[in-house]
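Hi everyone, thanks for coming. Let me put the structure up on the screen, and then I'll walk you through a few parts of it.

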Amino acid sequence: MTTTSTTATASGGGARVRVQRFGTFLSGMIMPNIAAFIAWGIITALFIPQGWVGFDGPVEAWQWAGSPILGGGDFDGTTYTGLVGPIINYLLPLLIAFTGGRMVHGHRGGVVGAVAAFGVIIGAEGTVMFLGAMIAGPLTALILKYVEKPWQGKIKPGFEMLVDNFSAGFVAFFASLAAFFWLAPVMKWLTDLLGGAVGWLVETGLIPLASIIVEPAKVLFLNNAINHGVFTPLGTEQSAQTGKSLLFLIEANPGPGLGLLMAITVFGVGAARATAPGAAIIQFLGGIHEVYFPYVLAKPVLILGLIAGGATGVLTNVIFQSGLVAPAAPGSIFAVLFQTAPGSHVGVILSVILAAAVTFVVCMPFLLASRRRDLAAEAAGGDKLAAAIAQTEANKGKKSEHLSNLAARTGAAADGAAPATTAVATAPIQNIVFACDAGMGSSAMGASVLRNKLKKAGIEDVTVTNAAIANLDGTADLVITQQQLTDRAKGMSPNSVHVSVDNFMNAPQYEEVVEMVKSQKEQTE
Amino acid sequence: MSVLEIGQVRIHAGSATQEEALQEATDILVAAGAVTPAYVDAMRQREETVSTFMGNGLAIPHGTNETKEAILASGLSVVRYDGGVDWAGEQATFVIGIAGRGDEHLEILSQIAILFSDEDDVAKLNAAQTPDEVFALLSAVNEA
């Protein structure tokens, strides 16, 4: 723990810590589901009508008349639902809502969150409801948490399941109705508002400013509403008169997304960094922009980079008077080049390159700054049970940083934090994972030492393993890391109890963990 | 070839800088055919993010998750610096370089961990006069 990092956080004030914690929460809700977005992106890039093997695809030889079977639509007299629509409309928002709910109140929180999210999904039909799901999921879980507080721990043994299921069932029921009637209209209103604002910018000629609205709206998955609702009709009109329109490129320019994903690939941390290159391929070549939205939702400040990049792209096309003949769908670099109006290639290609470059450059400082801030916050949080400290800090605000520093220092000598440890472990600890960057050295040593200590204490039914942080799968009950890495570990395994240690060989925390497991065993026996 | 051979254990009377210690660990591992010379950069990179100082005078330099291609086979290097090495502000006596491929190094590593977590054993390791004695101490637990 260094003094510099402590002061850095302290001077930043409570607001920054809160924003940061909110960011971590968003990221925890989105990042575990990235794989689903990528899978959906591949399906979409292939099977929608304008997809690579779609019946209206860009390459004639690849066109497949039966693509609606998977992409959705009519084929051979039958109407197919396909995979594309249901996944984006239902599966992805529900996964997010479930994950958000689970982070707040365990698996049951996830379940009620998913039910409530369905209310807003159906209530706002026609609009992809990620934002609604991100609100409804965790909020409903929070409601459940408070609703059942009065009788928690007071149920007669044998009736817990019954009471738990019915209380959650009723909360989910009411929340889904509330989401349907109250949340959905608000979300729909927001969509209309954004569409209207963009229309106004087009009319008044302040078009590069449109990016200020378009980029955030895209990330909230309102991209199709805006592109097809506003730009496609206006652009088609323009194109019919002048042979081209730059409106087609405002939303579909793949540059900003590419710049963002490249920036994350280079400067990001953890899971985001590891998955960004793959997402970039799907986004830039496949034309499915949705795959980069989660990264922004997880770190909203990056929207500034997208706005700057988007506006740069639009401005480039204004200067070069370049545009597309028809909408580029999907928004892949190939589709864009395919639709570029004769003589517009220089401007269009430049608009993509400059947009990517500007986004990359603007995102860079934010990524670097927050990277340092994450580490600083972690260092200031002390080396005690990270979960406990986070809780205390949340309760007490900024002051507790000093308290926890103090506690960490005294606790390392005396065994002061043992009561706190026991309090934190609400779920039985059966599966302990030591994590480090590579999963090769430090974590293996730590795991051996703790395994040995548990064995000496006569505890045999607890597994202790080691892993690379990037390979944490979220199933560990307890995750132990060096304190600088705890933040990353939390991101990968948000539902585990996290312990930070300074000294892998004989950390005082080991005794606490052994005590905790022991007392938990005694309770159950 | 086993993960740790007698030739991979050394004792130095003086002290060294962390940089020298990383280089020596890499040299030993290169000689053992465990890593490419580029591994020293991987080690440096890892120390920049998080120190590999483990406590009880032990540092275990190794690469990062992203630099695993520099590893050809699993191997360990063990060097005792009686003058100590300044390891990011901590005093390291034993510098054990690790090249891990798969799981074959984990067993001995875990024995080393248990050995180093016991202060009596650490004292024995520090008192050992020759590399052979150190090697014997490390190997003895391996067989037990």
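So, in what sense do β3(A) and strand β5 (residues 478-482) of chain A pair, and over how many bridges? They pair in the parallel sense, over three bridges. Strands here are DSSP runs of E with at least two residues, helices are runs of H or I with at least four, and both are numbered from the N terminus. Two strands count as paired if DSSP finds at least two bridges between them.

Some housekeeping before I go on. This is a predicted model, where local features need pLDDT of at least 70 and side-chain atom pairs count only at pLDDT 80 or more, while totals for chains, interfaces and linings use all residues. Residues are numbered from 1 along each chain as its sequence is written, and chains are lettered from A and ligands numbered from 1 in the order in which they are written.

Back to the sheet. It's an open one of four strands in the order β4-β3-β5-β6 (chain A), with parallel pairing. At the edges stand β4 and β6 (497-501) of chain A, each with a single partner strand, so one side of each has no neighbour in the sheet. On its β4(A) side, β3(A) is joined by six bridges to residues 463-468, again running parallel. One pairing there puts Asn431(A) with Thr463(A), and over in β5(A), Val433(A) stands opposite Val479(A).

How covered is β3(A)? Five of the six residues of this strand (residues 431-436) are buried, so the rest of the structure largely encloses it. Buried means 20 or more other C-beta atoms within 10 Å of the residue's own; exposed means 12 or fewer, partly exposed is in between, and C-beta atoms are placed from the backbone. For chain A as a whole, 55% of its 525 residues count as buried.

Now the helices. Chain A has 20 of them, along with six strands.

Next, a helix pair. Helix α5 (residues 130-147) and helix α6 (residues 160-204) of chain A pack at about 145 degrees, with their axes 10 Å apart. Those axes are lines fitted to C-alpha atoms, for helices over the stretch in contact, and angles run from 0 to 180 degrees between N-to-C directions. Contact means C-beta atoms, placed from the backbone, within 7 Å. Residues making this contact include Ile135(A) of α5(A) and Ala175(A) of α6(A).

Last, the partner chain. Their contact takes 22 residues from chain B and 19 from chain A. On the chain B side, α3(B) gives the most, with seven residues. By class, that side has ten nonpolar, eleven polar and one charged. Nonpolar covers Ala, Val, Leu, Ile, Met, Phe, Trp, Tyr, Cys and Pro; charged covers Asp, Glu, Lys and Arg; the others, Gly among them, are polar.

Terms used: Two residues are in contact if their C-beta atoms, placed from the backbone, lie within 7 Å.
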